[in-house]
Amino acid sequence: MTGLSHLGVSSLLSYFIAVALPAFDALIPLLPSETAVIALGVATAGSADPRAALLVALAAFGAFLGDNAAYVLGRRFGPAAARRVFAGERGTRRRAWAERSLHRFGTRIIIGCRFIPGGRTAITLTCGLVGYPRRRFVAATAFAAVIWASYAFFIGRLGGKAFEDRPWAGLLLALGLTVVISVLIEAARRARAWRRVRQEQAPVHATAALGVTEQSDGR
């Protein structure tokens, strides 16, 4: 946590992290891009330096680059990329979810996937695999990148302001808030999916019940 002192607006490391981690996180999901942007927000919470806005812009740019790199991989190296990212039964389910969501929600899921755990890589790569319109994808990912970078940086600033004398505590608070928000978003997504399945199954159950009734009446 003491490393936060090296992430001020005067540090070149801050600008490198702001671009690099959000960019590579699309291809290597284990990289903590959101944590890094939150940490930048915490580290600059006590500063009114306008260069803080540059950090947000760079984080958004990095996220945009990463999303579009995933799209290009899916578009140009579809089978190989799909085998690597969507390997196994779990990967097959992720790809099926991504295709269903993309078909159902379009640009909304491209924007929203940034806030769904594990959703970013699945959606952006699938967009390339299925040949989703490039212009619409670029516009959606640009919008999503700005929202995401601003959100993560703001959460970090909020935590840093709450614990100006203990930045590590501010970082923990900010990370806790993002976890809670992610859990709520995932719970809402699962609840919506469950309701949709119930709605789709209702006519089938009704038809089956009607068939049983007709058979009973015919006896």
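Modeller: One term before we start: helices here are DSSP runs of H or I with at least four residues, numbered from the N terminus. With that in hand, Leu27 is found in the loop between α1 and α2. Also keep in mind that this is a predicted model.

Colleague: Okay, how many helices and strands does the chain have?

Modeller: Nine helices and zero strands. Reading along the sequence you get α-α-α-α-α-α-α-α-α.

Colleague: And what share of the 219 residues is buried?

Modeller: Buried residues make up 39% of them. The chain exposes about 12400 Å², and carbon and sulfur atoms supply 64% of that.

Colleague: Now the inside. Which residues have the most contacts in the largest nonpolar core?

Modeller: Val37, Ile38, Leu55, Trp148, Ala149 and Phe153, in a core of 27 residues. Five helices each supply at least two residues to this core: α1 (12–25), α2 (33–43), α3 (51–76), α8 (134–162) and α9 (167–217).

Colleague: Which helix gives the most to this core?

Modeller: That's α8, with seven residues. As a general point, nonpolar side chains in soluble globular proteins tend to be buried together.

Colleague: What does Leu55 touch, leaving out residues up to four places away in sequence?

Modeller: Leu55 touches Val9, Ser14, Tyr15, Ala18, Thr44 and Phe153. Phe153 is another of the residues with the most contacts inside that core. There's also a second, separate core of 19 residues, which includes Ala81, Leu102, Ile109 and Ala122.

Colleague: Let's switch to aromatics. How many aromatic pairs are there?

Modeller: Two, taking ring centres within 6.5 Å as the cut-off. In one of the pairs, Phe115 and Tyr151 have their ring centres 5.4 Å apart. Their planes sit at 75°, so that pair is edge-to-face.

Colleague: Where do those two sit in the chain?

Modeller: Phe115 is in the loop between α6 (107–112) and α7 (119–130), while Tyr151 is in α8. The two are 36 residues apart, and the pair links distant parts of the chain.

Colleague: Are Phe115 and Tyr151 buried or exposed?

Modeller: Both of them are buried.

Colleague: On to charges, then. How many salt bridges does the structure hold?

Modeller: Six. One of them joins Asp25 and Arg120, with the closest N and O atoms 3.6 Å apart. Asp25 lies in α1 and Arg120 in α7, so the pair ties together parts that are 95 residues apart in sequence.

Colleague: Are Asp25 and Arg120 buried or exposed?

Modeller: Both are buried. They also take part in a network of salt bridges that links Asp25, Asp67, Arg114 and Arg120.

Colleague: What about Arg51 and Asp49?

Modeller: Their side chains meet in a salt bridge at 2.8 Å, N to O. Arg51 is partly exposed, with a relative accessible area of 37%. Asp49 has 22%; buried means under 20%, so Asp49 also counts as partly exposed.

Colleague: And Arg93 with Glu89?

Modeller: That's another salt bridge, with the closest N and O atoms 3.2 Å apart. Arg93 and Glu89 are four residues apart in α5 (residues 88–105), so about one helical turn separates them. Glu89 counts as exposed at 62% relative accessibility, whereas Arg93 is partly exposed at 49%.

Colleague: One more topic, contacts along the chain. Of those between residues at least 6 apart in sequence, what share joins residues at least 24 apart?

Modeller: That would be 77%.

Colleague: Where is Ala43 placed?

Modeller: Ala43 is in α2. With a relative accessible area of 29%, Ala43 is partly exposed.

Conventions: Residues are numbered from 1 along each chain as its sequence is written. This is a predicted model: local features need pLDDT of at least 70, side-chain atom pairs count only at pLDDT 80 or more; totals for chains, interfaces and linings use all residues. Side-chain values use heavy atoms; hydrogens and water are left out. A nonpolar core is a set of buried Ala, Val, Leu, Ile, Met, Phe, Trp, Tyr and Cys residues joined through side-chain atoms within 4.5 Å. Buried means under 20% relative accessible area, exposed over 50%, partly exposed in between (1.4 Å probe, protein chains only). Contact means heavy atoms within 4.5 Å. Rings of Phe, Tyr and Trp (its six-membered ring) pair if their centres lie within 6.5 Å; planes under 30 degrees apart count as stacked, over 60 as edge-to-face and the rest as tilted. A salt bridge is a side-chain nitrogen of Lys or Arg within 4 Å of a carboxyl oxygen of Asp or Glu. Accessible areas come from the Shrake-Rupley method with a 1.4 Å probe; for residues, only the protein chains shown count as cover.
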